[in-house]
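Reader: I am new to this structure and would be grateful for a close look at a single part of it. Please set that part within the whole chain.

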Amino acid sequence: MGFPGVRGRSVAEAKTSKFAVEAFVLAVVLPTITGLVVHAVANPEVLHANLLVWAVLVALVELVPVPLWRGTQISMGFPLLMAVAFLYSPTAAALTALVGSFNPREFRRGFGAFKAFFNACQIALAVLAAGTLFHAMVTSPISEVSPGVLLAAATAAAIADYLVNSGLVAMAASLDLGMPPWKVITELKIGRLSEFLISYVGLGLLGLILAKFFLIDGVGFWSIPIFILPLLLARQMFFRSKALEEAHRELQDREQVLKALSNRMAEERQDERGQIA
C-alpha cells in the first residue's frame with residue numbers, strides 16, 4: 001500500500017501537509033535503508049544469489065496490483081514476500097522486498113521519489129517484522145517443524161506484516177489528508193475488515209505453502225508457476241469484492257437521496273394542506 005496525494009486543500013494547508021509527510025517519510029526511509037545496508041555489509045552471509053530472482057519475481061507481480069482507496073493499492077506480491085521471509089533471514093527478506101517493491105513509476109506522481117522510497121521501505125519493514133516474528137517462533141528448518149507450529153507462525157507473521165504496513169501507510173495518509181489514522185485504516189481494505197484480514201492471512205499461508213514447495217529437491221523456482229493461478233484468482237476475488245462494495249455504497253447513496261426527496265415531498269404536501277386550511 002502507498003499513500004495518496006494532497007487533494008482539495010488550500011495552498012497553505014497543502015504546503016504544511018507536504019512538509020509533515022516528507023518529514024515522516026524521511027524518518028522512515030533513512031533509518032530503514034541505512035539499517036538494512038549496514039546489517040547486510042556486516043553479515044554478508046545472509047545474502048543469497050536466489051534473492052535477486054525473488055526480487056525480480058516480486059517486481060513483476062507488483063505490475064498488477066489491486067487499487068484501493070484514493071490511489072492506495074494492495075500488492076499481489078505479498079505471498080512471494082512471505083515465502084522469502086520464511087525461507088531466509090529477516091534482513092535478507094527485507095532487502096528483497098525493498099528492491100522488488102521499488103516502483104520508479106511513482107516518480108511521475110505527487111511526491112515522486114518520496115513516495116517511491118516510502119512505499120518500498122514500509123513494505124520492507126513489514127516483511128522484516130513478519131520474518132523476525134516467524135523465525136522467533138520457528139527456530140528449526142521448516143521441513144523439521146510440525147504443521148501446527150508453522151501455521152501459527154505464518155499466521156502471526158501475516159498479521160505482523162499487516163499491522164506494520166497499514167500502520168505506516170495510515171500515518172502517512174493521515175498527515176497527507178488531515179484525517180485520523182484509524183479512519184484511514186478503515187478505508188484501507190476491501191469489504192469488511194474481518195473478511196479482509198482473513199484474506200490477508202490466507203495469502204500469507206499461501207506464502208508458507210510456496211516456501212514448502214520451494215524446499216522440495218528438484219523443485220525450487222519451478223514451484224512459482226504453480227502459484228500464479230491462485231494469485232490471479234485472489235486478484236479477481238479482490239476486484240469482485242471491491243465492485244460489490246462500491247455497488248453497495250452506490251445503493252446506499254441512492255436510498256438516502258430517495259429518502260430525502262420523499263421527506264421533502266411530504267413536507268411540501270403538509271405546507272399545501274396548511275395553506276388550503
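Author: In the protein chain, residues 24 or more positions apart account for 74% of the contacts with a separation of 6 or more, a contact being heavy atoms within 4.5 Å. This is a predicted model, in which local features need pLDDT of at least 70 and side-chain atom pairs count only at pLDDT 80 or more, while totals for chains, interfaces and linings use all residues. Residues are numbered from 1 along each chain as its sequence is written, and side-chain values use heavy atoms, with hydrogens and water left out.

The protein chain has 9 helices and 2 strands; helices (H or I, at least four residues) and strands (E, at least two) are DSSP runs, numbered from the N terminus.

From C-alpha to C-alpha, valine 56 and serine 101 are 9.3 Å apart in space, although 45 residues separate them in sequence.

Helix α3 (residues 78-87) has 10 of its 10 residues buried, so it is largely enclosed by the rest of the structure. Among these buried residues are Phe78, Leu81, Val84 and Leu87. Across the protein chain, buried residues make up 43% of the 277 residues.

How values were computed: Buried < 20%, exposed > 50% of the residue type's maximum accessible area, 1.4 Å probe, protein only.
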